[in-house]
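Hello,

Here is the structure I said I would pass on. My notes follow below it.

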Amino acid sequence: MDYSLFGQKFTRHAGITQLMDDLNQGLLNPDAIMLGGGNPAAIPEMQTAFSQQMAQQLADGDLLQALANYDGPKGKDSFTTALAGLLQREYGWPISADNIALTNGSQTAFFYLFNLLAGDFATQKKKVLFPLAPEYIGYADSALCEEMFVAGKPSISLLDDGLFKYHIDFDTLDVTDDIGLICVSRPTNPTGNVLTDEEILHLDEIARAKGIPLLIDNAYGTPFPNIIFSDVTPFWNDNTILCMSLSKLGLPGARCGIVIAPPTVIQALGNLSGIINLAPGGIGPTLMRPWVDNGEIIRLSRDIIRPFYEQRAWQTVDLLQQAIPAPRLRIHKPEGALFLWLWFEGLPIHSQELYQRLKERGLILVPGHYFFAGIQDPQWRHQQECMRLNYAQHPDNVAAGIQILAQTIDELADTW
Ligand code: PLP
């Protein structure tokens, strides 16, 4: 079959596809320890709360209504109105339902937004800038044209206790005239980094000066799911596109992404959505609307979700540091998201090779080199020295996985 250029780009077997296949294969091996993917934890209190909510809405007919009707292309009005109210009350943001569009997962929103604001324009080609690599792997293959991403190398500060933290290197960050959008995840997948308020304000200034929007991917952030352990201020203004999601709250199967942006961008997304989807799914918004109305979504995120992940993150840091002390292993300071980012400085093999060796022993982690889309420097060894570990899985599995990792790293000692 002869495919179009679009077909060729979106059907090729990308590195990430190979990896997802491997993760799936791992699932077929009942003994494999899966610390790779990005699935949120099944938190018992949350599962009970979701079940009660579903039972209630099944009984009163709301769930059936949601399944039996299309919403508008921007998503369920009652939900977007309730959410605008919540964000006004919580943060004083001057927004209404005209500032909100829903999509089938925030992954779909990135596809729309990247290709709306970057790519081929009448007289020039524009790109998306990731000011801080490493960045979310899911952005990397979502452009309609080639070479649409550029990324900035971080500066690295070594912290006490074997931890480190990435910062945006504003001295070398080059926002050239062909940049159409600046994009960051906060908290960041894969590192658990949370950009400081100063970094966000600085990016906002740069974006405004250049006349381009700043996209902040808040999939793990506040006010929900609130998987964020440092005190930072939520950020939005009329030059910001804030993307949120119901996934990491514990509902990835609902496929509900949320975009908060100026009304012109929202209108454009609505038009795109009408053509591509007719309408986004209504189950997630229907289930969550009562919790948005009464603020329960914030209470559960604050009292159940954040403490669960924070405890698990630090427990895993302790286990890792006992098994592989610094300086062999440095861990990015866990400030949010579901992952620990492990840096083996001077690792004598490529992270892909380490991934293979671990996989042969039944442990699945994600090799770090996939997270550097847009970095132009192939010689930068740091890209090959990191691994991502999902710490949100069962603690027994995490502990067993760490033993395999420690043993495999130990065997490399002679060549290090
Ligand atoms: N943003 C980040 C940083 C993520 O890690 C993920 C999923 O892992 C997403 C967005 C996409 O989430 P969804 O499409 O389920 O809303």
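**Strands, sheet and core**

In β7, Phe164 is the bridge partner of Leu158. Strands here are DSSP runs of E with at least two residues, helices are runs of H or I with at least four, and both are numbered from the N terminus. This is a predicted model: local features need pLDDT of at least 70, side-chain atom pairs count only at pLDDT 80 or more, and totals for chains, interfaces and linings use all residues. Residues are numbered from 1 along each chain as its sequence is written.

Ile168 in β7 is the bridge partner of Pro154. Strands β6 (residues 154-158) and β7 (residues 163-168) run antiparallel and are joined by 5 bridges; two strands pair if DSSP finds at least two bridges between them. They form a hairpin with 4 residues between them, and Asp161 in the turn has a positive phi of about 60 degrees.

The open sheet has 6 strands in the order β6-β7-β12-β13-β16-β15, with mixed pairing. Its edge strands, β6 and β15 (366-367), each pair on one side only.

The largest nonpolar core has 116 residues, of which Phe114, Val259 and Leu342 touch the most other members. Such a core is a set of buried Ala, Val, Leu, Ile, Met, Phe, Trp, Tyr and Cys residues joined through C-beta atoms within 7 Å; buried means that 20 or more other C-beta atoms lie within 10 Å of a residue's own, with C-beta atoms placed from the backbone. Helix α6 (residues 106-117) gives this core its largest share, 7 residues. Domain 1 (5-46 + 300-415) and domain 2 (70-296) both contribute residues, so the core lies between them; the domain bounds come from an automatic or database domain assignment.

Regards

Key:
Buried ≥ 20, exposed ≤ 12 C-beta atoms within 10 Å, placed from the backbone.
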